[in-house]
Amino acid sequence: MYLDNDDERVLAGEFGETRQKMMEILVALGEVYGAEKLVPITSAQVSGASYKTIGRWGLAWLQSLNARAAVPAVLNPIGMPREGWQEFGIDEEFARRQAEVVEAYRKLGIRVECTCTPYYLRITEYGEHLAWSESSAVAYANSVLGARTNREGGPSALAAAIIGKTPYYGLHIVENRRPQVVVEVENGTGPHAGHWGAIGHVAGKKVGNRIPLFEGIRPNRDHLKALGAAMAATGAVALFHVEKITPEARVFTFDTGDLDRVTVTQDEIEALFTETEVEAVAVGCPHCSADELRELAELLRGKTTTKPFYIFAAKGVAKHNPDLVSVIERSGARVIADTCMVVSPRMDEFASIMVDSGKALAYVPGMCGALARIGTRKECVEVATS
Ligand code: F3S
């Protein structure tokens with residue numbers, strides 16, 4: 001892989017041991033994937049932030065590093081809200097360890113926004129090269145914004161943040177961004193026909209790691225977010241196109257004649273929905289947009305919750321919408337920043353959780369040891385307040 005003079009000096013250790021290690025990670029990755037060079041990035045998004053997932057060895061590794069991010073870089077959700085973790089039910093030992101993880105990232109120059117929706121906080125433009133690692137954020141950046149990022153691991157995203165570059169391969173190269181399979185969604189009139197998380201949950205299993213092109217659907221940006229997050233979880237989708245909607249499907253003309261075609265049927269969608277009793281309800285996977293908070297506020301106005309109801313959103317989004325947060329919280333529901341239903345140990349205490357997200361439906365059983373039930377946001381509110 002070609003390295004310029006500065007890269008070579010970093011690799012030789014002239015700028016410290018941490019930068020040298022980070023460059024070694026990027027070079028190793030580039031060589032595995034046959035990258036011809038490194039490409040400068042405009043931002044990074046770093047996962048591996050919850051103490052629940054990285055544990056003490058991950059923390060010790062972070063604390064051994066000594067450098068600063070060279071580009072704007074944002075941290076993924078951690079295992080607890082930084083404010084009010086006691087009320088959220090986090091124990092002191094976990095909170096102490098989690099605070100050490102946050103401090104280690106802060107020292108590395110990573111902005112501790114603790115969100116999987118960094119695109120609500122900083123504008124990311126079409127064509128920008130990024131190194132993002134949260135799979136739903138990767139799907140959103142590539143598909144909805146038209147930026148270019150591979151699905152990075154936590155260490156490679158951190159390495160890219162510190163070096164300011166990433167290996168040029170995979171989805172950084174335009175020719176690799178063409179659709180590989182066409183997806184049709186059966187028209188339906190069932191109660192969950194337009195549930196984008198459920199559609200993505202089914203579609204992800206069918207397309208695996210291929211790049212899908214959806215035909216005949218008209219999702220908005222929040223729908224695309226839910227669709228991509230679910231496909232990234234049940235498949236390994238890092239980029240998808242929607243005919244006439246997503247940026248590259250509007251810029252390029254794709255020849256789909258020879259591609260495989262799959263159909264997401266209404267029966268497959270409805271089969272995901274059950275009437276199981278749940279102990280808690282959690283929405284905001286990925287973290288809620290302002291529009292989603294507005295919808296929840298309207299649904300909850302004048303109601304009272306009868307079981308724990310958590311709504312996850314980036315702190316920046318919640319802060320900009322104090323009126324919505326106060327309507328939501330008057331019902332007894334809680335808007336929680338910095339964390340989520342999958343990466344927080346708080347959710348491990350429930351035996352069954354209702355979610356509105358195809359991604360959470362896939363991850364809650366394995367990550368929280370809880371039974372997961374999916375519903376629309378309206379159904380989640382009904383269950384939380386009945
Ligand atoms: Fe975000 Fe957590 Fe879901 S990181 S995408 S809310 S699993």
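The tour goes from a sheet to charged pairs and then to a surface patch.

This is a predicted model, in which local features need pLDDT of at least 70, side-chain atom pairs count only at pLDDT 80 or more, and totals for chains, interfaces and linings use all residues. Residues are numbered from 1 along each chain as its sequence is written, and side-chain values use heavy atoms, with hydrogens and water left out.

**Stop 1: the sheet**

Select β2, β3 and β4. These three strands form an open, parallel sheet in the order β3-β2-β4. Strands are DSSP runs of E, at least two residues long, and helices are runs of H or I, at least four, both numbered from the N terminus. Two strands pair if DSSP finds at least two bridges between them. At the edges are β3 (73–75) and β4 (130–132), each pairing on one side only. The twist averages 10° from one strand to the next.

Now zoom in on β2 (residues 43–46). Three bridges join β2 to β3. Pick Ala44: its bridge partner in β3 is Ala73.

Helix α6 lies across β2, β3 and β4, at about 150° to β2. Such angles run from 0 to 180 degrees between N-to-C directions, with axes fitted as lines to C-alpha atoms, for helices over the stretch in contact. Contact means heavy atoms within 4.5 Å.

**Stop 2: salt bridges**

How many salt bridges does the structure hold? There are 27. Each is a side-chain nitrogen of Lys or Arg within 4 Å of a carboxyl oxygen of Asp or Glu.

Select Glu268 and Lys206. Their closest N and O atoms are 2.7 Å apart. Glu268 sits in helix α10 (residues 266–270) and Lys206 in helix α7 (residues 196–207), 62 residues apart.

Next, select Asp338 and Lys315. This salt bridge has its closest N and O atoms 3.9 Å apart. Asp338 is in the loop between β12 (334–336) and β13 (352–355), while Lys315 is in helix α12 (residues 315–319). Are these two buried or exposed? Both Asp338 and Lys315 are buried, where buried means under 20% relative accessible area (1.4 Å probe, protein chains only), exposed over 50%, and partly exposed in between.

Then select Lys225, Glu292, Glu295, Asp356 and Arg377. Salt bridges link them in a network.

**Stop 3: the surface**

Finish with Tyr126, Val251 and Phe252. They form a nonpolar patch on the surface. Val251 lies in helix α9 (residues 247–251). Nonpolar patches join side chains of Val, Leu, Ile, Met, Phe, Trp or Tyr within 5 Å, from residues with over 30% relative accessible area and no salt bridge; like charges are joined within 9 Å.

Definitions and conventions. Areas by Shrake-Rupley, 256 points an atom, 1.4 Å probe, with all protein chains shown as cover.
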